[in-house]
Amino acid sequence: MPESSPNLNSNPDLSLSSDNHDETGDLGAVPESSDELVEENLNEDTREDTLIEPEPSQTKPQRSLLSIATIVAFATLLSKVVGLLRQMAIAAAFGVGVAVDAYNYAYVIPGFLLILLGGINGPFHSAIVSVLSKRKPEEAAPLVETINSIVGLILLVVSILLFVFAEPLIDLVAPGLGKTDLGQTTRLVAIEQFRIMAPMAMLSGLIGIGFGTLNAANQFWLPSISPLLSSVAVLIGLGGLAIALGKNIIDPQYARLGGQILAYSTVAGAVLQWLAQVPAQWKSGLGGLRFRLDIHQPGVREIFKIMGPATFSSGMMQINVYTDLFFASYIPQAASALGYAGLLVQTPLGIISNVILVPLFPIFSRLAEPENWQQLKLRIRQGLVLTGITMLPLSALMIVLARPIVSLVYERYAFNQSASEIVAAVLVAYSIGMFAYLGRDVLVRVFYALGDGNTPFRISIVNIFLNGLFDYLFVDRFGAPGLVLATVAVNVLSMVALLWCLDRKIDGLPWRDWSIPLMGLTLASAIAGVASWVVLVGLQNFWVNQGFGVKFAELCLSSGIGLGVFGLITLQLKLPEVDGAIAQVKKRLGRFG
């Protein structure tokens, strides 16, 4: 028998429990203005926004933002670390050769669907969280089962179509592969990999719905840790291949076999991600594998009203990835470089985005009514300032440390110094746009919370054309890094457009209060980057032997000093978000004193 249903309306907001009002537990205090905090008021307001007050027997103790963020951060960190190990294993086995180059093209559409539909903070996840957070617990199971059935049927058809039309789709994604003999080999491997990974279309939707269902029920560990299973499956597959082939694994004659292993293990990982959720949902009374087509079930129309525009909007952004690969197919090894560099950026970005977006999105949803817009603006500022505090210094450090980072992580066996140079240049381009990428996602979630998926969708349509134009203009001059710079430019313009639309939608934004701290953080990050670069150059001149241990020490020392400089400057800015977070950490540490 499943447990009693958890309260889907429980507020994962500021208070730990109803009898512990002194524990704010926020990610950082929220400023009413540049000088003043209103955290206590926000606690009361957000409690009142809960649509259905749970009975004590129906719900577990409420979790604070800091508690949720800690769970998500730790789980995502584990998942990202294993994902990085997976990518390191792929790099060591295949370098920038045929198997991994083909995989990057074959994975475009299945991976696009997995990120789009199955990712935390994706449209399926966002729609489910937005609706279930406001509904009675007893409505959850039939609603989730209905959505699973409808989406599963649609995506089953999509999977079949992907399998049947694999060849023309690969030619559409990478038309440049047919220009050389090596490209032809890569094309054939990519087509086979694409057919193997076609079932991921259906799995992606089920994974995304499961993530949203568990998050709405205040369960955050499993959705955040489950991507680890996908990486483990790939590592097991590569391990078996290495045992079977030994040092011959890097030989070109085994490129097809290597490509098959990559594809099959990727699908196995997606299956494991989905299966891991099923028992948790059933045990919590959130629905099982029952086939149900009750389209009149309350909430079905509301979910699809959000899910439809959100899916198209997110899909438009992923089309930009396809556009980049379209141009990359004419540049040897560019697809591999984009993949390797992208992972180095996505590892910290994925952790931090989950830490910020997962706790804040339900709060945005509860503050969506006009009478709560003042509090909503405080929360938006909080999200943007936290984005600046995390992304801006990371961006500066990754720009100046790109070459040693790539060398330390990837440079071994099939991955040589030449490959490191190619990937490092792309990593610099990616690093420039880290703040705009996450800042845009924060603003998109605000529009979803307001029930407006159309505005991000319209902006995304414009972005497709801009991305194609910028790719065309930048690729000849900058090569593969130019493709990334084009995306960065689009993300910056998208963020500006979203802010302008939001200003009109919620009766104005406090531009000055938001821009001053962000400008201060930008300056602090630039100074930190310079300090880190000076230390790195000094250490490289001091240590002539550049072995793994020396490289690791140089990175730790130079990045540590850079972050220290950033931290010291940031403390002088007197940001309420920073001061509040420090106060809470001291309070928690005091418990153990």
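Predicted model: local features only at pLDDT ≥ 70, side-chain atom pairs only at ≥ 80, totals over all residues.

Guide: Residues are numbered from 1 along each chain as its sequence is written, and side-chain values use heavy atoms, with hydrogens and water left out. The protein chain holds 23 helices and zero strands, where helices (H or I, at least four residues) and strands (E, at least two) are DSSP runs numbered from the N terminus. Of its 593 residues, 59% are buried, meaning under 20% relative accessible area with a 1.4 Å probe, protein chains only. The mean pLDDT, the predictor's confidence in each residue from 0 to 100, is 77 for the protein chain, and 75% of the residues reach 70 or more.

The part to look at is the pair formed by helix α21 (residues 511-542) and helix α22 (residues 548-572), whose axes come within 8 Å and cross at roughly 150 degrees; axes are lines fitted to C-alpha atoms, for helices over the stretch in contact, with angles from 0 to 180 degrees between N-to-C directions. That makes α21 roughly antiparallel to α22, a term for angles over 145 degrees. Contact (heavy atoms within 4.5 Å) is made by residues including L521, A524, I527 and L539 of α21, and by L557, I561, G562 and F566 among those of α22.

Key: Buried < 20%, exposed > 50% of the residue type's maximum accessible area, 1.4 Å probe, protein only. Parallel < 35°, antiparallel > 145°, perpendicular 65-115°, else oblique.
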